[in-house]
Amino acid sequence: PFRFGLPRWVSHRMGDERSRKAMEQSMLDAKLQETGEKERLKEYITSQLNESGWREELKKQCVQFIQDKGVEKVSLEEMINDIAPRGRATLPEKLKVEVFNRLRSFAEKQGFEH
């Protein structure tokens, strides 16, 4: 039968590429963990979010959400679905760039491709 989509050899190569990237990601994550860099990054991110007021603002949004819905009618899932996208959207751009640069630098020092 006629198939729509990419030729088998193209999709096979794309699958290989995806699995290679997934393996590199897994190896990078393991290296971050074993060197302690993951914990240092978490601490850095937490401190930057505290200093910028981002966490406090997110807490206010959570309190407002609960007050608007009523404490008895709010589920954690509802609150996460409402607040998380706003939280991600308001992450300081400077922090995102800094974390990306730190990760890239770490990966390069560990010999990972970019």
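Reader: What makes up the order of elements in the protein chain from the N terminus on?

Author: From the N terminus on, the elements run α-α-α-α-α, and the chain has five helices and zero strands. Helices here are DSSP runs of H or I with at least four residues and strands are runs of E with at least two, numbered from the N terminus. This is a predicted model, in which local features need pLDDT of at least 70 and side-chain atom pairs count only at pLDDT 80 or more, whereas totals for chains, interfaces and linings use all residues. Residues are numbered from 1 along each chain as its sequence is written, and side-chain values use heavy atoms, with hydrogens and water left out.

Reader: Why is Glu 37 called buried?

Author: Glu 37, which lies in helix 2, has a relative accessibility of 16%. Buried means under 20% relative accessible area, exposed means over 50%, and partly exposed lies in between (1.4 Å probe, protein chains only). Glu 37 at 16% is therefore counted as buried. Across the protein chain, buried residues make up 16% of the 114 residues.

Reader: How do you know that Glu 37 forms a salt bridge with Arg 40?

Author: The closest N and O atoms of Glu 37 and Arg 40 are 3.1 Å apart. A salt bridge is a side-chain nitrogen of Lys or Arg within 4 Å of a carboxyl oxygen of Asp or Glu, so this pair qualifies. The side chains of these residues are also joined by a polar contact of 3.1 Å, a term for a pair of N or O atoms within 3.5 Å in which, within protein, one must be able to donate a hydrogen and the other to accept it, while residues adjacent in sequence count only if both atoms are side-chain atoms. Both residues lie in helix 2, three residues apart, about one turn of the helix. Arg 40, at 44% relative accessibility, counts as partly exposed.

Reader: What is Glu 37 in contact with, leaving aside its neighbours within four places in sequence?

Author: With those neighbours left aside, Glu 37 is in contact with Leu 32 and Phe 106, where contact means heavy atoms within 4.5 Å.

Reader: What makes Arg 86 and Asp 82 a salt bridge?

Author: Their closest N and O atoms are 2.1 Å apart, and this value falls within the limit, so the pair is counted among the salt bridges, of which the structure holds eight. Arg 86 and Asp 82 both lie in helix 4, four residues apart, about one turn of the helix. Arg 86 has 37% relative accessibility and counts as partly exposed, and Asp 82, at 29%, counts as partly exposed as well.

Reader: Which residues in helix 3 meet which residues in helix 4?

Author: Trp 54, Leu 58, Gln 61, Cys 62, Phe 65, Ile 66 and Lys 69 in helix 3 meet Glu 78, Met 79, Asp 82, Ile 83, Arg 86 and Gly 87 in helix 4. The axes of the two helices come within 10 Å and cross at roughly 145°, the axes being lines fitted to C-alpha atoms, for helices over the stretch in contact, and the angles running from 0 to 180 degrees between N-to-C directions.

Reader: What makes up the largest nonpolar core?

Author: Its nine residues are Tyr 44, Leu 49, Trp 54, Leu 58, Phe 65, Met 79, Ile 83, Leu 95 and Val 99. The elements giving two or more residues to this core are helix 2 (37-52), helix 3 (54-69), helix 4 and helix 5 (93-109), and the largest share, three residues, comes from helix 3. The term nonpolar core stands for a set of buried Ala, Val, Leu, Ile, Met, Phe, Trp, Tyr and Cys residues joined through side-chain atoms within 4.5 Å. A second, separate core of six residues includes Leu 28, Leu 32, Leu 41 and Phe 112.
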